Amino acid sequence: MDRTKADQIGMLATVMNCIYVADMFRHTGLKTRVYTPFSCGSFTQLFDKTDAVECLEQGYVTFFAGGTGHPYFSTDTATALRAIEIGADAILLAKAIDGVYDSDPKINPNAVKYDRISLQEVLDQKLGVIDLTATIMCLENKMPLILLGLNEDNSIVNTINGKFNGTIVTVE
C-alpha cells in the first residue's frame, strides 16, 4: 500500500473515532461538534475556524478529525495546527502510554517517567512524544501538552478534574 492510501485510511479512522466518541459524549448530555477538513456527510462539519471557536465558546466539546486532509501530515501535526488556530490553552494527548519517559518503558524496565518536561528537552532528547513537525509548531507557538494514559480508568475525566497522573510538557 502506498503512503497516500495509508494516510487516507488513517484520516478516515480518526473521523470514525471522533464520531463515536462525540456520540458517547452526547449520550451523557454534552453538546458536541465534529469538524473535518473534507466533507463527510451529515455526521461532521467542514472545518471553519470562526465556527469552531464559537462552538467552543458555547460549551460544545469540539473534535477535529481527519487530520489536515492532506497526505504526509500526521495527526500530531494536524492537532498542533488546529490547537494553534483556535487559540487553545494546551493540547491534551491521550496515548497508550501514561506519560513521557526517558526511553521506551516497554523495552527498558528502568525507564524514568517525567512529571514535567519542556518541549525543548523533548526535542533535544529526541523523545518522540509527537512528531518533529508538531513539536516545532508547539514550541514556536508556545503550545503546551498534557500527556495522559488512555488505558488508565477515567484518565480524561480525572485529568480535567485535576487528578492528573501523566506528564506536563511545558513551553519554557
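**Reading the model**

Tutor: Helices (H or I, at least four residues) and strands (E, at least two) are DSSP runs, numbered from the N terminus. Residues are numbered from 1 along each chain as its sequence is written. This is a predicted model, in which local features need pLDDT of at least 70, side-chain atom pairs count only at pLDDT 80 or more, and totals for chains, interfaces and linings use all residues; side-chain values use heavy atoms, with hydrogens and water left out.

Student: Is Ser 118 buried or exposed?

Tutor: Buried means under 20% relative accessible area, exposed over 50%, and partly exposed in between (1.4 Å probe, protein chains only). Ser 118 has a relative accessible area of 7%, so this residue is buried.

Student: Which residues does Ser 118 touch, not counting residues up to four places away in sequence?

Tutor: Contact means heavy atoms within 4.5 Å. With residues up to four places away in sequence left out, Ser 118 touches Val 169, Thr 170 and Glu 172.

Student: What pLDDT does the chain average?

Tutor: pLDDT is the predictor's confidence in each residue, from 0 to 100. The chain averages 91, and 98% of the residues score at least 70. Among the elements of the chain, strand β7 (residues 116-118) has the highest mean pLDDT, 97, while helix α6 (residues 155-160) has the lowest, 82.

Student: Which residues have the most contacts inside the largest nonpolar core?

Tutor: A nonpolar core is a set of buried Ala, Val, Leu, Ile, Met, Phe, Trp, Tyr and Cys residues joined through side-chain atoms within 4.5 Å. The largest one here has 18 residues, and Ile 91, Val 129, Cys 138 and Leu 145 have the most contacts inside it. Two or more residues of this core come from each of α3 (75-86), β4 (91-95), α4 (119-124), α5 (132-140) and β8 (145-149). The most, three residues, are given by α5. To follow one member, Val 129 touches Leu 93, Lys 95, Val 100, Val 122, Leu 145 and Leu 147, not counting residues up to four places away in sequence.

Student: How many cavities of 30 Å³ or more does a search of the whole structure find?

Tutor: The search finds one. The largest cavity has a volume of about 40 Å³. Among the residues that line it are Asp 98, Leu 148, Ser 155 and Phe 164. Both β8 and α6 supply at least two lining residues, and the largest share, three residues, comes from α6.

Student: Which residues other than glycine have a positive phi?

Tutor: Most residues other than glycine have a negative phi, and most peptide bonds are trans. Two cases can be examined here. Lys 126 has a positive phi of about 50° and lies in the loop between α4 and α5. At 76% relative accessibility, Lys 126 counts as exposed. Asn 154 has a positive phi near 55° and is found in the loop between β8 and α6. With a relative accessible area of 54%, Asn 154 is exposed.

Student: How many residues apart in sequence are Leu 12 and Gly 69?

Tutor: They are 57 residues apart in sequence and 9.5 Å apart in space, C-alpha to C-alpha. Leu 12 lies in helix α1 and is partly exposed, with a relative accessible area of 46%.

How values were computed: 1 Å grid on protein atoms, 1.4 Å probe; cavity = no way out; pocket = protein on both sides within 12 Å on 5 of 7 lines; lining within 4 Å. Points joined across faces, edges and corners; volume = space filled by probe spheres on them.
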